[in-house]
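Visitor: I would like to learn how to read helix packing. Please walk me through it.

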Amino acid sequence: TATDLSAVLAGARLLPVLTVPSAASAGPLADALAAGGARCAEVTFRTPDAERVVKAMAAHGGLAVGAGTVLTREQAERAVAAGARFLVSPGFDNDVIDAGRALGVPVVPGVASATELMRALKAGVDTVKLFPAEPLGGPAMLRALAAPFPRARFVPTGGIGPDRLSAYLDHPAVLAVGGSWIATPGHLKRGAYDEIRRLTAEAVERSAP
Ligand code: 3PG
């Protein structure tokens, strides 16, 4: 297992963030994402089925599946046991970082300030999630925050839509952009997998280097 997020993402610049109420959606969702050209996905631990969703989507084989909204060591352990290849958190927590290290998977902690970024770098974590990217000030915030920290790599997430992808990805310190617009619980409820595939393809095209 790779312990560096860039190795897991392998060049993928779009990270769909998925909140999936029922594991019954996992198969068709993975199919739609892969058909649209996505190569990774983050499944948030905000639903009781999250573990089963990670497991089913990882079994699909076409996507590097990680877990999101990982707040505790215990969630980190459950996520990796289910097949998560990376862990994303909305904030910085030492227990989650330690758990990822012990489990051999990269942890991407959320940071919203220079102080939080310094804490991550001190803990040996170079790749962070700028969260919530749009409310924080968007690409202007990213540029200002990245400038003093040449070692840092960012996955901006939070309030980003297709029209803003390139504004972030143009910055050399951005590894990938995360977002939930590609597949929402509403899409899943309606079984709108064609729309998910279309939104994925559009975003993948817009995130091409
Ligand atoms: C997350 O947990 O990363 C966010 O919910 C995703 O942000 P978005 O829903 O604003 O895209």
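**Reading helix packing**

Guide: Start inside α3, where Ala50, Glu51, Val53, Val54, Ala56, Met57 and Ala58 are buried. A residue is buried if 20 or more other C-beta atoms, placed from the backbone, lie within 10 Å of its own. This is a predicted model: local features need pLDDT of at least 70, side-chain atom pairs count only at pLDDT 80 or more, and totals for chains, interfaces and linings use all residues. Residues are numbered from 1 along each chain as its sequence is written.

Visitor: What covers the buried residues of α3?

Guide: First, the names: helices (H or I, at least four residues) and strands (E, at least two) are DSSP runs, numbered from the N terminus. The cover includes α2 (26–36), β2 (40–44), β3 (64–68) and α4.

Visitor: At what angle do α3 and α4 pack?

Guide: Axes are lines fitted to C-alpha atoms, for helices over the stretch in contact, and angles run from 0 to 180 degrees between N-to-C directions. Here α3 (residues 50–60) and α4 (residues 73–82) pack at about 30°, with axes 8 Å apart. That makes α3 roughly parallel to α4, a label for angles under 35 degrees.

Visitor: Which residues of α3 and α4 meet?

Guide: Two residues are in contact if their C-beta atoms, placed from the backbone, lie within 7 Å. From α3 come Glu51, Val54 and Lys55; from α4 come Arg78, Ala79 and Ala82. This contact of α3 with α4 has 3 nonpolar, no polar and 3 charged residues. Ala, Val, Leu, Ile, Met, Phe, Trp, Tyr, Cys and Pro count as nonpolar, Asp, Glu, Lys and Arg as charged, and the others, Gly among them, as polar.

Visitor: How are α2 and α3 set to each other, and which way do they cross?

Guide: Their angle is about 45°, with axes 9 Å apart. The crossing of α2 and α3 is right-handed: the near helix is turned clockwise from the far one by less than a right angle. Ala26, Gly27, Ala30 and Ala34 of α2 touch Val53, Ala56, Met57 and His60 of α3. By class, the α2 and α3 contact has 6 nonpolar, 2 polar and no charged residues.

Visitor: What takes a positive phi just after α3?

Guide: Gly61 does, with a phi of about 95°.

Definitions and conventions:
Parallel < 35°, antiparallel > 145°, perpendicular 65-115°, else oblique. Buried ≥ 20, exposed ≤ 12 C-beta atoms within 10 Å, placed from the backbone.
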